[in-house]
Amino acid sequence: MSESSNQKSGRRVLTGTVVSDKMDKTVAVEVTSRVKHSRYHKYINRRSVFKAHDENNECRTGDSVTIQESRPLSRTKRWTVVERPPRG
């Protein structure tokens, strides 16, 4: 996926690790970001868990995946798995 097409659509793209694949066609992806504390100026790790649509149930726990924002697919699912590294 090219960066120019992402900016046209206005959809965010994040990279994270699959932490749960027990659901059907859904994976939970943990995204870690480093932010600077406003007062102490130290870097803190923040983590968020997103539910993402995995059409073919290909992702497994521990996989590094790229997810993209999409329309609401269920009550909690707002992301789609775009890219998964090939399993060797």
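Which residues make up the largest nonpolar core? Here are my notes, with the answer in point 3 below.

1. **Ground rules.** This is a predicted model, in which local features need pLDDT of at least 70 and side-chain atom pairs count only at pLDDT 80 or more, while totals for chains, interfaces and linings use all residues. Residues are numbered from 1 along each chain as its sequence is written, and side-chain values use heavy atoms, with hydrogens and water left out.

2. **Overall fold.** The chain holds one helix and five strands, where helices (H or I, at least four residues) and strands (E, at least two) are DSSP runs numbered from the N terminus. Along the sequence the pattern reads α-β-β-β-β-β. The five strands form a closed barrel in the order 1-2-3-5-4, with mixed pairing; two strands pair if DSSP finds at least two bridges between them. From one strand to the next, the twist averages 55°, with axes taken as lines fitted to C-alpha atoms (for helices over the stretch in contact) and angles running from 0 to 180 degrees between N-to-C directions.

3. **The core.** To return to the opening question, the largest nonpolar core has 11 residues: Val18, Val27, Val29, Val31, Phe50, Ala52, Cys59, Val65, Ile67, Trp79 and Val81. Strand 2 (26–36), strand 3 (43–53), strand 4 (64–69) and strand 5 (77–83) each supply at least two of its residues, and strand 2 gives the most, with three. The term covers buried Ala, Val, Leu, Ile, Met, Phe, Trp, Tyr and Cys residues joined through side-chain atoms within 4.5 Å. Buried means under 20% relative accessible area, exposed over 50%, and partly exposed in between (1.4 Å probe, protein chains only).

4. **Strands 2 and 3.** These two strands pair in the antiparallel sense over 11 bridges. Val29 stands opposite Phe50 in strand 3, and both residues belong to the largest nonpolar core.

5. **Around Val65.** Leaving aside neighbours within four places in sequence, Val65 is in contact (heavy atoms within 4.5 Å) with Leu14, Thr15, Gly16, Val18, Val29, Cys59, Val81, Glu83 and Arg84.

6. **Salt bridges.** The count comes to five, a salt bridge being a side-chain nitrogen of Lys or Arg within 4 Å of a carboxyl oxygen of Asp or Glu. One of them joins Arg12 to Glu69, with the closest N and O atoms 3.8 Å apart. Arg12 lies in the loop between helix 1 (3–9) and strand 1 (13–23) and Glu69 in strand 4, 57 residues apart. Lys25 and Glu55 also meet in a salt bridge, at 3.3 Å from N to O. This pair links the loop between strand 1 and strand 2 with the loop between strand 3 and strand 4, 30 residues apart.

7. **A bridge between strands.** Arg47 forms a salt bridge with Glu30, the closest N and O atoms being 2.9 Å apart. Arg47 is in strand 3 and Glu30 in strand 2, 17 residues apart.

8. **Whole-chain totals.** Buried residues make up 26% of the 88 residues in the chain. The accessible surface comes to about 6500 Å², of which 45% belongs to carbon and sulfur atoms; areas come from the Shrake-Rupley method with a 1.4 Å probe, and for residues only the protein chains shown count as cover. Among contacts between residues at least 6 apart in sequence, 50% join residues at least 24 apart.
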